[in-house]
Amino acid sequence: MPLEFAPQRDVSATQEDAYPTRHPDRETWLERKDPVVWTDKMPPAPLTRGDMDSFERDGFLVMRDLFSPAEVAALVDRSRELREGGRAVAGDDVVTEPDSDAVRTIFRLDEHDGLMNALSRDARIAGIVSHLLADDVYLHQSRLNYKPGFTGKEFYWHSDFETWHAEDGMPRMRAISASLLLTDNRAQNGALMLMPGSQNVFVSCQGETPDANHESSLKRQEVGTPSQASLADLAAQHGITDAEGPAGTLILFDCNTIHGSNGNITPAPRSNAFFVYNAVSNALTEPFAASGARPDFLATRNAPEPIDIRGGALV
């Protein structure tokens, strides 16, 4: 059942642009105006106070052993089946590697498979995120990410919120991404890299948004990424952490945390189930820096309905 929360502060979705970006002639840094952890951290809670403090400080949290070996095995098997049948998925939901027809991403993951749908509603993920955001949540986006061995391409450094704000119309920083690892993720095979603490700075990027920018950015993002000078400064201030772990590891990270991943030239593929949860109170408006909204498979634009968060084992 949807959870009930007392309102923490008024950040209702309006057309006021709290985070202007995509200027034609300049890049600037803006101070974050929203909390990272919205709850008051008082019990009862699905996280320890230390975990909440860590997420607030670093902008991400790596959690292990939330799911049983049987659940992880079932999810790994299902992800393999989805990848192998990925080319048969209709429409724009499948994105291939930039230089081949190898499956890179399957969007609307929760709609393509019942087990993945159950995972997206699981209290061990959605319940934790809902608590951190102190609001009911809905799925802004879901996808299966796959980085094949030997040929998997990199994902360049970026803040997800910059794109979601500019091209989807997400008003404020009240969203969290959840990545459940479905293979062992190591630095060698392109594990997620994050800059701890970078969530507190919004890099307002230079460069106007081309029409239908998503058609190219899903394979290689160029517009809406910080400059090399900014990335070097952020890395010098915050460092870079590899979010490594075995299959079954859960990584939660704030919508504005700067992250990316290297290419994979090892024989071992890298895969994860990826769910973006947005607060119901933070529903999308019109894009803030694009001529039109991205398609529905990238951003839920209907009136959001709170996720029915469920407990119990997946299998």
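User: What makes Arg104 count as lying over the face of Phe155?

Analyst: In this predicted model, Arg104 lies 4.1 Å from the ring centre of Phe155. A charge over a ring must be within 6 Å of the ring centre and within 35 degrees of the ring normal.

User: Where does the charged end of Arg143 sit?

Analyst: The charged end of Arg143 is over the ring of Phe274, 3.9 Å from the ring's centre.

User: How many aromatic pairs does the structure hold, and why is the one between Phe107 and Phe297 called edge-to-face?

Analyst: There are six aromatic pairs. For Phe107 and Phe297 the centres are 5.3 Å apart and the planes are at 65°.

User: Why is the pair of Phe161 and Phe202 edge-to-face?

Analyst: Their ring centres are 5.9 Å apart and their planes are at 75°, which is over 60 degrees, so the pair is edge-to-face. Phe161 is in helix α6 (residues 160–168) and Phe202 in strand β9 (residues 201–204), 41 residues apart.

User: How do you know whether Phe161 is buried or exposed?

Analyst: Phe161 has 0% relative accessibility. Buried means under 20%, so Phe161 is buried. Phe202 is also at 0% and counts as buried.

User: Which residues do ring pairs link into a cluster?

Analyst: Tyr19, Phe161 and Phe202 are linked in this way.

Terms used
Residues are numbered from 1 along each chain as its sequence is written. This is a predicted model: local features need pLDDT of at least 70, side-chain atom pairs count only at pLDDT 80 or more; totals for chains, interfaces and linings use all residues. Side-chain values use heavy atoms; hydrogens and water are left out. Rings of Phe, Tyr and Trp (its six-membered ring) pair if their centres lie within 6.5 Å; planes under 30 degrees apart count as stacked, over 60 as edge-to-face and the rest as tilted. Helices (H or I, at least four residues) and strands (E, at least two) are DSSP runs, numbered from the N terminus. Buried means under 20% relative accessible area, exposed over 50%, partly exposed in between (1.4 Å probe, protein chains only).
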